[in-house]
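Please keep the sequence and the three-dimensional view at hand while reading.

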Amino acid sequence: PAWTRQIKEPALPLGRVLCLGDDLSMGPIEGGWYGPERKAFLREMYAGFDRWDDPAEPDACLEEDWAAYTAAAEALRQLPAGEKVRLWVDRTPEAVCGAYAATGLLCERRAGISLMRLRPYRFRPADGSAVTLKGWGEADPEQLADWVEERVLPVQIARYTGWQWEQLRQENSPLRALV
């Protein structure tokens, strides 16, 4: 479509990159993106992982991650009004929920938002067969330009997406899925 173009080279020099990091597709979000209920949920989740040698490790890891999550959210809140932002998103629930949450914050800043979307498929040059990926983590870094489509998000759609995030926040279900 006309609103989509394949990116072969970055249109603008790369600036600051923020990783939102937290998987907002599960757990409480009603008290805020990075509210106390969210941190308590993550603490429980981290404690349940079997990879810890030392019982203090989950808390230390959570505190480090929490600092990064809140710093990224705060950086979005502090963007100068009208800043242009690219959100990388695929079709996984965690990426979609993160994009919704970020869009809600970015609308408040009147940011110009582009979605860097994972193409649904591409054809292999060698044999013409279709290849699909579920998420960005499956893409070969050297072939990212072949997988990305940039879509400028109209202001009305950005506001609607922010509204959808508010609806999810108020619903506060323990799991948010993409059908």
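## Overview of the chain

Of the 179 residues in the protein chain, 39% count as buried. The model described here is a predicted one.

**Overall build**

- Read from the N terminus, the elements of the protein chain follow the order β-α-α-β-α-β-β-β-α-β-α.
- Among contacts in the protein chain with a separation of 6 or more, 71% are between residues 24 or more positions apart.
- The protein chain has an accessible surface of about 11000 Å², and carbon and sulfur atoms account for 55% of that surface.

**Helix α1 against helix α2**

- Helix α1 spans residues 36-48 and helix α2 spans residues 57-77; their axes come within 10 Å and cross at roughly 140 degrees.
- Angles over 145 degrees count as roughly antiparallel and those from 65 to 115 as roughly perpendicular; the crossing of roughly 140 degrees therefore makes α1 oblique to α2.
- The crossing of α1 with α2 is right-handed.
- On the α1 side, the contact involves R38, K39, L42, R43, Y46 and A47; on the α2 side, it involves P58, D59, C61, L62, E63, D65, W66 and Y69.
- The residues of this contact between α1 and α2 comprise eight nonpolar, no polar and six charged.

**Helix α2 against helix α3**

- Helix α2 also packs with helix α3, at an angle of about 35 degrees and with the axes 8 Å apart.
- A73, L76 and R77 of α2 form this contact with A102, L105 and L106 of α3.
- Five of the residues in the contact of α2 with α3 are nonpolar, none is polar and one is charged.

**A buried loop residue**

- T92 lies in the loop between β2 (84-89) and α3 (93-108).
- Is T92 buried or exposed? Its relative accessibility is 18%, so T92 counts as buried, the cut-off for buried being under 20%.
- When residues up to four places away in sequence are not counted, T92 touches K134 and G135.

- Y121 is located in the loop between β3 and β4 (122-123).
- Which residues does Y121 contact, leaving aside its neighbours within four places in sequence? They are V131, T132 and W147.
- Y121 and W147 are separated by 26 residues in sequence, while their C-alpha atoms are 7.8 Å apart in space.

- Most residues other than glycine have a negative phi.
- R110 has a positive phi, near 55 degrees, although this residue is not glycine.
- R110 sits in the loop between α3 and β3 (112-118).
- With a relative accessibility of 64%, R110 counts as exposed, since the cut-off for exposed is over 50%.
- N172, likewise a residue other than glycine, has a positive phi near 50 degrees.
- N172 belongs to the segment after α5 (155-171).
- The relative accessible area of N172 is 22%, so N172 is partly exposed.

Note on methods. Residues numbered from 1 in each chain as written. Predicted model: local features only at pLDDT ≥ 70, side-chain atom pairs only at ≥ 80, totals over all residues. Heavy atoms only, no water. Axes fitted to C-alpha atoms, helices over the stretch in contact; angles between N-to-C directions. Helix = DSSP H or I, 4+ residues; strand = E, 2+ residues; numbered from the N terminus. Parallel < 35°, antiparallel > 145°, perpendicular 65-115°, else oblique. Left-handed = near helix turned anticlockwise from the far one by under 90°. Contact = heavy atoms within 4.5 Å. Nonpolar A, V, L, I, M, F, W, Y, C, P; charged D, E, K, R; others polar. Buried < 20%, exposed > 50% of the residue type's maximum accessible area, 1.4 Å probe, protein only. Areas by Shrake-Rupley, 256 points an atom, 1.4 Å probe, with all protein chains shown as cover.
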